[in-house]
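Q: I would like a close look at one part of this protein. Please take me through how the pieces pack there.

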Amino acid sequence: MKKKNPLAAKRMKTLPLHLMILPGAILVFVFSYLPMFGLVMAFQNFSPAKGFFGSDFVGLANFRYAFKIPGFWQIVYNTLLISILKIILNIVVPVIVALLLNELISTKFKRTVQTVIYFPHFLSWIILAGLFIDILSPSEGIVNTIIRFFGGNPIYFLGDKNWFPYSMVFTDVWKEFGYGTIVYLAALTSINPTLYEAAEIDGAGRFKQTLHVTLPALAPTILLMGMLSLGGILNAGGTVSASGSSGFEQIYNLYSPQVYETGDILETLVFRLGLGNGQYSVATAIGLIKSAISCGLMTFGYWLAKKTANYEIL
């Protein structure tokens with residue numbers, strides 16, 4: 001009787017799983033890897049009529065031109081400012097909310113609150129842009145109505161260059177803090193209850209238990225989320241989320257020419273140069289620089305996550 005090959009049997013067993021992955025792998029290859037051939041435009045004076053093979057090669061000229069664009073370094077500053085504030089607040093706010101929810105006794109009420117605050121994560125910025133335009137309207141918005149009620153002057157949150165970056169940060173936090181809260185609530189469940197019992201025996205109240213038991217136990221998760229967010233810092237995005245979206249969708253749907261000075265980011269600049277002005281080569285050069293730096297930051301973030309939080313991609 002012929003002996004069965006264990007390796008062949010294992011391959012046959014896992015074949016259905018590989019076939020399930022195949023459609024997704026094909027889509028990733030077609031839409032993520034094949035377009036990378038277009039990066040050659042960064043080194044050409046690209047003309048759609050001539051194509052990739054007929055356009056003139058110009059070396060690093062597009063990169064030099066990009067660095068000399070008026071306001072380029074201000075745009076870099078805007079991107080970093082918005083990204084860093086988003087990363088910080090998208091960690092601080094979910095941690096605070098998770099700690100508060102963890103103190104609730106009613107499980108039903110706790111789950112209801114979790115569902116309500118998690119729901120905005122699933123809404124697109126197309127929908128939320130219209131919502132925030134109404135809420136933050138200087139004439140009829142509810143926020144400015146409250147400000148006027150207390151004797152203040154209306155604030156044009158989406159039209160004032162001084163307020164716009166912070167409006168982007170707080171609206172992003174409102175949308176995404178529910179997702180982060182679930183991550184930290186999951187981390188809270190792994191804390192050994194005997195640590196709280198020992199702290200209570202030592203006379204520690206709820207605040208001291210939170211300070212000396214809960215926060216140190218959450219520290220690795222907080223550090224991990226922060227490190228993994230480094231890769232998106234040039235996308236004006238917040239912390240790592242399931243959607244994987246950057247800040248482009250948010251800012252593009254909410255900004256206007258009067259706030260370009262403080263609200264323009266690298267991705268909106270690339271969009272305007274490429275699709276708006278037809279400067280495909282310069283837009284590709286800026287996108288290539290951003291992607292290369294983001295790749296380096298992502299690698300550094302994963303390395304830090306491995307060293308500090310023992311996180312690995314299996």
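Is the crossing of H4 and H10 left-handed or right-handed? Please also describe what surrounds that crossing.

A: The crossing of H4 and H10 is right-handed. Keep in mind that this is a predicted model.

Start with the two helices themselves. H4 covers residues 72–102, and H10 covers residues 206–228. Their axes come within 11 Å. They cross at roughly 140 degrees. Angles over 145 degrees count as roughly antiparallel.

Now look at the residues that touch. H4 brings Ile91, Val95 and Leu99 to the contact with H10. H10 answers with Thr210, Thr214, Leu215, Leu218, Ile222 and Gly226. Sort the residues of this contact by type. You get 6 nonpolar and 3 polar residues. No charged residue takes part in the contact of H4 with H10.

H4 has another partner to inspect. Helix H5 spans residues 107–118. H4 and H5 pack with their axes 10 Å apart, at an angle of about 160 degrees. That angle makes H4 roughly antiparallel to H5. The crossing of H4 and H5 is right-handed.

Which residues make this contact? From H4 come Val97, Leu101 and Asn102. From H5 come Lys110, Val113, Gln114 and Ile117. The contact of H4 with H5 divides into 4 nonpolar, 2 polar and 1 charged.

Step back to see the whole protein. It is divided into domain 1 (6–57) and domain 2 (69–309). The C-alpha centres of domain 1 and domain 2 lie 31 Å apart. Still, the domains do touch: 9 residues of domain 1 are in contact with 5 residues of domain 2.

How much area is buried there? The size of an interface is often given as the accessible area lost when the parts come together. Domain 1 and domain 2 bury about 540 Å² between them. Of that area, 76% is on carbon and sulfur atoms. On the domain 1 side, look for Leu39, Met41 and Ala42. These three supply 64% of the area that domain 1 buries against domain 2. That is more than any other three residues supply.

Finally, return to your question. H4 makes a right-handed crossing with H10, and its crossing with H5 is right-handed as well.

Terms used
Residues numbered from 1 in each chain as written. Predicted model: local features only at pLDDT ≥ 70, side-chain atom pairs only at ≥ 80, totals over all residues. Heavy atoms only, no water. Axes fitted to C-alpha atoms, helices over the stretch in contact; angles between N-to-C directions. Helix = DSSP H or I, 4+ residues; strand = E, 2+ residues; numbered from the N terminus. Left-handed = near helix turned anticlockwise from the far one by under 90°. Contact = heavy atoms within 4.5 Å. Nonpolar A, V, L, I, M, F, W, Y, C, P; charged D, E, K, R; others polar. Domains from an automatic or database assignment. Buried area = accessible area lost by both parts, 1.4 Å probe. Parallel < 35°, antiparallel > 145°, perpendicular 65-115°, else oblique.
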